[in-house]
Amino acid sequence: MLAAPISLPANSLNGPRPINLREDADSILKLLDITFGPLQDERGRRQIGDRVFINLNPPLLYRLTTFPGRFRPGFVWVEDGQIIANVTLVKSQITGRYLIANVAVLPEYRRMGFGRRLLEETIQYIYHLNGRDIILQVRQENSAAIQLYESLGFSRLGAMKHWETTTSRLRSRPAEDNMAWTVRKLKSREWGHAYALDIDSINPDLTWPMPTTRQKYNRSLFSKIDNFLNAQNNETWVVEKLDSNNWGTNLAGLVNLKSEWRRPLRIELRVHPKARGRIEHILLNKGLDRLSSWRGGTIRMTHPAEDEIVNVLLSGSNFTKRETLLVMQLVLT
């Protein structure tokens, strides 16, 4: 089926249309600054969604960077010759899935139906592309936006809490009793078990912008060369129980660590459902100790908001909450 393009109504300057990045970039940047604040990442790029950026530095002005070949700029709503609303789209690696990276409306045009109408046009466009579903994130406290998305058929998948600290602010943590557990690096041949543990411990659709893939743990020679060329470092440490095999493998949990040039350090925890409440402190301690030895800087972590055990551990380690984002999904039928 061919896609039905979004276009302005005949003989009108008002309505929805696809983004022309070269002509619309300035207006969209101003709209995003007004809506979300003048935020840039560590490389001087304007972030318009997780891993979706506009480069602000000449001569690459307005160059968009994201997943290769998967960026679809999205759509704007024009009113009296002015861009008043914007929806940014990214096509997922999952067949038929699209991500809405952001929805922005100028304050003076809010609660007038423009956001809804632009979203309806966007949904219809994705439907005509044979889209299967649409995923988006919204701040948990933004009840008006959540109600709008729910009225359009989106359902809640879960919430992810975003945490941040610095290596200099980390608070010392008490030594743990881990006599029943051992901590070690993930072996290359165990990547399949690590992947199974990951998807057992968290709904893959919550790991924005992409569900966990097998390549995350199957670190080939090519991926190692790529990491070297991009000044990246990845480590995975696992916890296994010494006296039983109750979860199908000995792996009860893991901690992933990542560093990248001019980017915050990253840490993530995965715990098998049968080991919850017993090993989170072991994993976190190991991960933070390793990150502290790499280099100084900001540390960020994203974790399911409902996990109170990890919430308490992170607060006790002097992490602060940046935001909580609700992940929502619209299934197209």
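I take a salt bridge to be a side-chain nitrogen of Lys or Arg within 4 Å of a carboxyl oxygen of Asp or Glu. On that rule I looked up Arg270, which forms a salt bridge with Glu268, the closest N and O atoms being 3.5 Å apart. Both Arg270 and Glu268 are buried.

**Confidence**

I note that this is a predicted model, so I looked up pLDDT, the predictor's confidence in each residue, before going further. The protein averages a pLDDT of 82, and 78% of the residues score at least 70. Among the elements, strand E9 (residues 155–166) has the highest mean pLDDT, 97, whereas strand E4 (residues 63–65) has the lowest, 42. I marked two stretches for caution: over residues 1–12 pLDDT stays under 50, and the model has 25 contacts beyond four places in sequence for them; over residues 55–71 pLDDT likewise stays under 50, with 44 such contacts in the model.

**Salt bridges**

I then went through the salt bridges, of which the count comes to 17. Arg97 forms one with Asp133, and their closest N and O atoms are 2.8 Å apart. Because Arg97 lies in strand E7 and Asp133 in strand E8, this pair ties together parts that are 36 residues apart in sequence. I checked the burial of the pair and found that Arg97 is buried, and so is Asp133. The two also belong to a network of salt bridges that links Arg97, Arg132, Asp133 and Asp205.

Next I looked up Arg300, whose side chain meets that of Glu164 in a salt bridge at 2.6 Å, N to O. Arg300 lies in strand E14 (residues 298–304) and Glu164 in strand E9, so the pair ties together parts that are 136 residues apart in sequence. Are the two partners buried or partly exposed? Arg300 has a relative accessible area of 17% and is therefore buried, the cut-off being under 20%, while Glu164, at 22% relative accessibility, counts as partly exposed.

**Nonpolar cores**

The largest nonpolar core has 39 residues, and I list Ile134, Val138, Tyr149, Phe154 and Met328 as those with the most contacts inside it. Among the elements that give two or more residues to this core are helix H1 (21–36), strand E6 (82–91), strand E7 (97–105), helix H2 (114–128), helix H3 (143–151) and strand E15 (320–331). The largest share of the core, six residues, comes from H2.

Strand E6 is mostly covered, eight of its ten residues being buried. E6 and E7 run antiparallel and are joined by seven bridges; in one of the pairings, the bridge partner of Ala85 is Val105 in E7. Five residues lie between the strands of this hairpin, in which Gly96 takes a positive phi near 85°.

**Helix H4**

In helix H4 (residues 191–201) I found Ala194, Tyr195, Leu197, Asp198 and Ser201 buried. They lie on the same side of H4, because they cover an arc of only 160° around the axis. What covers the buried residues of H4 includes strand E12 (251–260) and strand E13 (265–271).

Terms used:
Residues are numbered from 1 along each chain as its sequence is written. This is a predicted model: local features need pLDDT of at least 70, side-chain atom pairs count only at pLDDT 80 or more; totals for chains, interfaces and linings use all residues. Side-chain values use heavy atoms; hydrogens and water are left out. A nonpolar core is a set of buried Ala, Val, Leu, Ile, Met, Phe, Trp, Tyr and Cys residues joined through side-chain atoms within 4.5 Å. Buried means under 20% relative accessible area, exposed over 50%, partly exposed in between (1.4 Å probe, protein chains only). Helices (H or I, at least four residues) and strands (E, at least two) are DSSP runs, numbered from the N terminus. Two strands pair if DSSP finds at least two bridges between them. The arc is that of the directions from the helix axis to the C-beta atoms. Contact means heavy atoms within 4.5 Å. pLDDT is the predictor's confidence in each residue, from 0 to 100.
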